[in-house]
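Let's take a friendly walk through the charged side chains of this protein. Have the structure open as you read.

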Amino acid sequence: MWQYKHFQELSAHDFHQIIKERTKTFVVEQGCAYQEVDDIDLKALHLIKTQKDSINAYARIYKDNYKVKVGRVFVPKEHRNQGHGQELIKTALDYVACHYPNSEVTVQSEALLKGFYEKFGFKVSSELYYDYNLGHYDMKLVKKVPA
């Protein structure tokens, strides 16, 4: 089941689950020692797919100046390769199209996931750079102009 929650709508249990899984993915699995919990959590919409009290997919969506950013995108290791990632990005982009129809949409993609985001219309908008020893690209959604 998909849930769309602003920070103040998250229960303590919800937030604990999110932070536990984000830390497991971004800090432990990827070996990146950084401040995982940040102030963006306070203003972001948290998009969560749960099943049997387990997070299957997650992203946070937030406005940063004139851009909408989709970040902290992850599917826990035990739920990967089941289509959750594709469903997550489609659901996030549907939300953005409805709530922020005229905004630029960006993601920060690990280099190895560039092709995944390109399938949804994202194009690379930066040179390859390294963040915590992982190659990344900034990517921008290219909106199709109706014919």
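## Asp14 and its partner

In this predicted model, a polar contact of 2.7 Å joins the side chain of Asp14 to the side chain of Lys5. Asp14 sits in helix 1, which covers residues 12–29. Leaving aside residues up to four places away in sequence, Asp14 touches Lys5 and Glu9.

Asp14 is a buried residue, because its relative accessible area is 15%, and buried means under 20%.

## Salt bridges across the sequence

Searching the whole structure turns up 16 salt bridges. One of them pairs the side chains of Asp38 and Arg72, at 3.3 Å from N to O. Asp38 belongs to the loop between helix 1 and helix 2, while Arg72 is in strand 4, so this pair ties together parts that are 34 residues apart in sequence. Asp38 is partly exposed, at 23% relative accessibility.

Asp38 and Arg72 are also members of a salt-bridge network, together with Arg22, Glu36, Asp41 and Arg60.

## Two more pairs to look at

Lys69 and Asp64 form a salt bridge through their side chains, at 3.1 Å from N to O. Lys69 has a relative accessible area of 25% and is partly exposed; Asp64, at 27%, counts as partly exposed too.

The side chains of Glu104 and Lys67 make a salt bridge as well, with 3.9 Å from N to O. Glu104 is in strand 5 and Lys67 in strand 4, so the bridge ties together parts 37 residues apart in sequence. Glu104 is partly exposed at 28%, and Lys67 is partly exposed at 36% relative accessibility.

Definitions and conventions
Residues numbered from 1 in each chain as written. Predicted model: local features only at pLDDT ≥ 70, side-chain atom pairs only at ≥ 80, totals over all residues. Heavy atoms only, no water. Helix = DSSP H or I, 4+ residues; strand = E, 2+ residues; numbered from the N terminus. Buried < 20%, exposed > 50% of the residue type's maximum accessible area, 1.4 Å probe, protein only. Polar contact = N/O pair within 3.5 Å; in protein donor to acceptor, adjacent residues only side chain to side chain. Contact = heavy atoms within 4.5 Å. Salt bridge = Lys/Arg side-chain N within 4 Å of Asp/Glu carboxyl O.
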